[in-house]
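Thanks for making the time this morning.

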Amino acid sequence: MYALSVPTTTPRCLRSRHSVSLLFAHLVVVVKYRRRVLSPALRGQLRALWTEQCEQLGAILVECNGEPAHVHLLLRHPPSLPLWRLVQQLKGVASRTLRQRHPWLRRVGRGHLWSPSYFVVSTGGAPIEVVRRYIEQQGATTALSPD
């Protein structure tokens, strides 16, 4: 359906039968009660889990890093995959897998590893102001004008 590849300095657009897209999202997930439990080793396990999960969902984990209480992810995703579903899958799989591997994590947030909320923002492409000016100027000239 979609052919995704890890973006280089100039990412290529995703092409499908009816669309062309280039969608990136910056996601931040926080440990429940901001507990500082994510060691570098656990963050490495998260990166591996999320890379595999993204591949299964048709997305790409471009970058992943964080601190003991939260993790930042840069994701590239197809337009057919809603962000809420991507976030739900990533948090669910990571929580379940890490708590199975490390039973002490079950006590971190009363049975939950992640806070129920998250932060996500679209990113990439031109800055918002540039896009706003481009759209604003669309009616200024027409393609068929003699000028």
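How many helices and strands does the secondary structure of the protein chain come to? There are three helices and six strands in this chain, and, read from the N terminus, the elements follow the order β-β-β-α-β-β-α-β-α.

Please keep in mind that this is a predicted model. The protein chain has a mean pLDDT of 87, with 87% of its residues at 70 or more. Residues 1-8, however, have a pLDDT below 50, although the model gives this stretch 24 contacts beyond near neighbours in sequence. Where pLDDT is low, the predicted coordinates should not be read in detail.

Turning to the chain as a whole, if we take the contacts between residues at least 6 apart in sequence, 66% of them join residues that are at least 24 apart. Of the 147 residues in the protein chain, 34% are buried, while the accessible surface amounts to about 9600 Å², with carbon and sulfur atoms accounting for 55% of that area.

That brings me to the spot on the surface, where Val-131, Tyr-134 and Ile-135 form a nonpolar patch that together has about 310 Å² of accessible area. Let me take one of these residues, Ile-135, which sits in helix 3, the helix that spans residues 128-136. Why does Ile-135 count as exposed? Its relative accessibility is 55%, and, because the cut-off for exposed is over 50%, Ile-135 falls in that class.

Terms used: Residues numbered from 1 in each chain as written. Predicted model: local features only at pLDDT ≥ 70, side-chain atom pairs only at ≥ 80, totals over all residues. Heavy atoms only, no water. pLDDT = per-residue confidence, 0-100. Contact = heavy atoms within 4.5 Å. Patch = residues over 30% accessible without salt bridge, like charges linked within 9 Å, V, L, I, M, F, W, Y side chains within 5 Å. Areas by Shrake-Rupley, 256 points an atom, 1.4 Å probe, with all protein chains shown as cover. Salt bridge = Lys/Arg side-chain N within 4 Å of Asp/Glu carboxyl O. Helix = DSSP H or I, 4+ residues; strand = E, 2+ residues; numbered from the N terminus. Buried < 20%, exposed > 50% of the residue type's maximum accessible area, 1.4 Å probe, protein only.
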